[in-house]
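I opened the model today to look up charge pairs and the ligand site. My entries follow.

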Amino acid sequence: MIFAANFKMNHTRASTREYLERLEGILRVEEYPFKVLVFPPATALCEGTDHITVGAQDAWGAEHGAYTGEIGLQQLREFAIDTVLLGHSERRHIVGESQERIAEKFAFYREHGFEIVYCVGEPLEVRKEGFEAVAEYLWEQFDGIDLDYERLIVAYEPVWAIGTGVAAETEQIAQTHDELRRRIKRPVLYGGSVKLDNIRSIAALENVDGVLVGSASLEVESFHGLMAAVAPGQIDMD
Ligand code: PGA
């Protein structure tokens, strides 16, 4: 199972370092069979640790150049980073990034052998139209994306569940992940208000291979709590 922490525009360089040190200390002792990814803001990028892969929340599809405000391959290489998150809904809907631009970034980082966590997710109005509309919307977000790329990880994050505290229903997650599994043989994560209350039911779903966590990842205790809740050998207290 994969646990990915998306800090978004939270944490500083100092607090990220402290976070990684503490989490690494825990993971070293616990020896969970999980892959752990942390995506800090660009100013806090650093090399990963033995048990944690550090990745970028986004990056421009070029090595370097005249792209004011952006970072690219040159900046990522300084920290030996080879994992990038692309297509997060906040980039699609707030920044206004087009599918074409995201696909360009994907192609660039694929060419450079990066692990790519590729995010998709439908807005509420699409969800209200029914599942067929959801499936159609999601598949369009794979336009120009190589689904067979061996370092691809997909993250399904319904826009209406992100940062709202209300995750999708377990049945909705199951149905959507089953649909994605038809064509995607790579890991598919769920994201959107994952927290201690719902991690067990989400992690138990057949086609959920991990979680992408925002709010509940910002504190080490909280993020670790999610892992501990689904760790093998965990006694079910419910
Ligand atoms: P959330 O964010 O866990 O705060 O809903 C998830 C994400 O956007 O990756």
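How many salt bridges does a search of the whole structure find? I worked on a predicted model, and my search of the whole structure gave 16 salt bridges.

I picked out one of them, between glutamate 24 and arginine 28. Their closest N and O atoms are 2.9 Å apart. Why are these two separated by about one helical turn? Both belong to helix 1 (residues 13-30), and they are separated by about one turn because they are 4 residues apart in that helix. I noted the general point that side chains of opposite charge can pair when their charged atoms come close.

Next I turned to the ligand. I found it in the second largest pocket. There are 13 residues around the ligand, and Lys8, His88, Glu157, Gly163 and Ser215 come nearest. I sorted the shell by residue type: 7 are polar, 4 nonpolar and 2 charged.

For serine 215, a polar side-chain atom lies 2.6 Å from a ligand oxygen. For glutamate 157, an N or O atom of the side chain is 2.7 Å from a ligand oxygen. Last, I checked cover: the ligand taken alone exposes 280 Å², and the protein buries 98% of that.

Methods: Residues numbered from 1 in each chain as written. Predicted model: local features only at pLDDT ≥ 70, side-chain atom pairs only at ≥ 80, totals over all residues. Heavy atoms only, no water. Near = heavy atom within 4 Å. Polar contact = N/O pair within 3.5 Å; in protein donor to acceptor, adjacent residues only side chain to side chain. Areas by Shrake-Rupley, 256 points an atom, 1.4 Å probe, with all protein chains shown as cover. 1 Å grid on protein atoms, 1.4 Å probe; cavity = no way out; pocket = protein on both sides within 12 Å on 5 of 7 lines; lining within 4 Å. Sits in = over half its atoms within 2 Å of the grid points. Nonpolar A, V, L, I, M, F, W, Y, C, P; charged D, E, K, R; others polar. Salt bridge = Lys/Arg side-chain N within 4 Å of Asp/Glu carboxyl O.
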